[in-house]
Structure formats: structure tokens, C-alpha cells
Amino acid sequence: MVIIFSFCTFAWVFFAANSIKEAFYIIGHFFDNITCPVSYLYSGFLDINMGKGALVKEVFIVLILVLYDFFSLKTDVILEVSKKKAVVRWITYICFGLIIVYFSQKGVAAEFVYFQF
């Protein structure tokens, strides 16, 4: 999964760049000026206007997904939830619904990924 993610992320440079020359320039300078990875990541989060609160939200989302993936390797999580009493099931459904609503991006206009073509 890490290899596929890395390859796809690498390939997106060619979609985001204005020319092949610019894409190769970006690739050639991927790791320039990275002396301290933590400060590099922190400045990157600041560049995209992600404060500490938003970062905590993102980490929480990833943690939920990792936990779901971990437990789904051992058992069918959805089947296990469906076997519980109705009250437990509905509490679970409501909690996940609230998590989705709370973490959804409201009022963010997203451009279609292939709009530039």
C-alpha cells in the first residue's frame, strides 16, 4: 500500500505541473532544505492553513480508519455490529453519523480533479 501510494503521489506531480520541465524540476527538488522533518511538516501544515486543531482532527480520522482496518483483519466488523442489540447498534450508527457530520468540510468548493483538461 505504501509503494502504491508513493507511486501515485509521485505521478500526480505530472498532473499538477504546467509542463514536463516543471515536473522534473519539482521531482529533482523534492527533498531540498529538509534538515528537520518535524519542522518541515509543521511549516507545510502552516502553508495550507492547517492549525493544531485541524491536525488533531485529521489524526483522529486516520486513527479511526487504522483501528477499523486492524479489527477488520480479525473479524467482520460490520457483521459484529449487526449482531449487537438494537440499542447498541443505533448508538454505534449515531456516533458514526455524528463523526461524519462533525469532520465533514462545510462550504468548501472543490474543483473537479480533471477540470484542467
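Helix 4 passes helix 6 in a left-handed crossing. This is a predicted model. Helix 4 covers residues 52–74 and helix 6 covers residues 86–103; their axes come within 12 Å and cross at roughly 145°. On the helix 4 side the contact is made by K57, F60, I61 and I64, and on the helix 6 side by F96, I99, Y102 and F103. Seven of these contact residues are nonpolar, one is charged and none is polar.

For context, the protein chain has six helices and zero strands. Of its 117 residues, 6% are buried. The accessible surface is about 10500 Å², and carbon and sulfur atoms account for 72% of that. Among contacts with a separation of 6 or more, 27% are between residues 24 or more positions apart.

Now the rings. The count is six aromatic pairs. Why is the pair of W12 and F15 called tilted? Its planes are at 50°, which falls between the limits of 30 and 60 degrees, and the ring centres are 4.9 Å apart. W12 and F15 are three residues apart in helix 1, so about one helical turn separates them. W12 is partly exposed at 40% relative accessible area, and F15 is partly exposed at 34%.

W90 and Y93 form an edge-to-face pair, 5.4 Å centre to centre with 85° between the planes. They are three residues apart in helix 6, again about one helical turn. W90 is exposed at 52%, while Y93 is partly exposed at 39%.

Finally, ring pairs link F10, F14, F24 and F30 into a cluster.

Methods:
Residues numbered from 1 in each chain as written. Predicted model: local features only at pLDDT ≥ 70, side-chain atom pairs only at ≥ 80, totals over all residues. Heavy atoms only, no water. Axes fitted to C-alpha atoms, helices over the stretch in contact; angles between N-to-C directions. Helix = DSSP H or I, 4+ residues; strand = E, 2+ residues; numbered from the N terminus. Left-handed = near helix turned anticlockwise from the far one by under 90°. Contact = heavy atoms within 4.5 Å. Nonpolar A, V, L, I, M, F, W, Y, C, P; charged D, E, K, R; others polar. Buried < 20%, exposed > 50% of the residue type's maximum accessible area, 1.4 Å probe, protein only. Areas by Shrake-Rupley, 256 points an atom, 1.4 Å probe, with all protein chains shown as cover. Phe/Tyr/Trp six-rings, centres within 6.5 Å; stacked < 30°, edge-to-face > 60°.
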